[in-house]
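Here is a short briefing on one protein model. Please keep the sequence and the 3D view open while reading.

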Amino acid sequence: MNYVITPPVQISLPVQGTEARFPVRRVYCVGRNYEAHAREMGTDPTRELPFLFQKPTDAVVSGMTSIPYPPQTRNLHHEIELVVAIGKRGVNVSPVEATTLVFGYGVGLDLTRRDLQQAAKDAGKPWEWGKAFDNSAPCSALVPAATIGHPDSGRIWLSVNGVIKQEADISELIWSVPEVIAFISASMILQPGDLIFTGTPAGVGPLVPADRVQGGINGIGTLEVIISDSAHH
Ligand code: MN
């Protein structure tokens, strides 16, 4: 195949236990999927239908210890999340069969320009600019379901400069992983390479340059990034 420009690099994530990598296709993100977080965002934490947004594939970064503070925000927030990596195509799957689509799991950060997101919300406009910016989806190495199964519980946590800011258990997800997979597959064809960020627990808060962010989910993995000065001068 000839291209008029050099094709973009395939974004991928490392996988524990192998040199082979997981190629990323789409990045789906679930909003407000823990009750206490829905409350802290000022919304009713009843079981409304899941809602989703996407990040661009190349927002996914791994093995990158330093992430530049993004432009056009004064309120960059951390959101630690369980990430599901899809390994098989799925259309209209039931929650019972949903886990058969899963290749593995990881730990992700849904970095959010909260001020831009809030301004968009207030104006009834899309969240896009608050969520879908460069480097906004750091992710750990994936661990295959073939190794750990399909965890439905485990401590999820995030610290900033060693101080715990977010702490919950993935069993507290309002919409479970199988339910989220079933919901997406009713609306979109899930394909191998898709990632699903499943939502963040309470305790989201601001990051500033030089902050050291660590997070993890027991039994799945850990993630660490340092926020550096803005690359946009
Ligand atoms: Mn999120």
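**Strand pairing, metal site and loops**

The model is predicted.

- One of the facing pairs is R155 and D169, the latter in β14.
- β13 and β14 form a hairpin, with two residues between the strands. In the turn, N161 has a positive phi of about 50°.
- Is β13 largely enclosed or open to the outside? Five of the six residues of β13 (residues 155-160) are buried, so the strand is largely enclosed by the rest of the structure.

**Manganese site**

- Which residues coordinate the manganese ion? The donors are E79 (OE), E81 (OE) and D110 (OD), at 2.0 to 2.1 Å.
- Along the sequence, the donor residues follow the spacing E-x1-E-x28-D.
- E81 and D110 link distant parts of the chain, 29 residues apart. E81 sits in strand β8 (residues 80-86). D110 lies in the loop between β9 (102-109) and β10 (112-113).
- E81 and D110 are both buried.

- Q16 lies in the loop between β1 (12-14) and β2 (21-23).
- The relative accessibility of Q16 is 40%, so this residue counts as partly exposed. The partly exposed class runs between the buried limit of 20% and the exposed limit of 50%.
- Leaving out residues up to four places away in sequence, Q16 touches A141, L142, V143, P144 and I220.
- S140 is 124 residues from Q16 along the chain. The C-alpha atoms of Q16 and S140 are separated by 9.8 Å.

**Positive phi in loops**

- R32 is not a glycine, yet its phi is positive, near 40°. R32 is in the loop between β3 (27-30) and α1 (35-40).
- Q72 is another non-glycine residue with a positive phi, about 65°. Its loop runs between β6 (66-68) and β7 (76-78).
- Is Q72 buried or exposed? Q72 has a relative accessible area of 60%, so this residue is exposed. The cut-off for exposed is over 50%.

Conventions: Residues are numbered from 1 along each chain as its sequence is written. This is a predicted model: local features need pLDDT of at least 70, side-chain atom pairs count only at pLDDT 80 or more; totals for chains, interfaces and linings use all residues. Side-chain values use heavy atoms; hydrogens and water are left out. Helices (H or I, at least four residues) and strands (E, at least two) are DSSP runs, numbered from the N terminus. Buried means under 20% relative accessible area, exposed over 50%, partly exposed in between (1.4 Å probe, protein chains only). Contact means heavy atoms within 4.5 Å. Two strands pair if DSSP finds at least two bridges between them. Donors are N, O and S atoms within 2.8 Å of the metal (3.2 Å for Na, K and Ca); water is not among the atoms, so sites may look incomplete.
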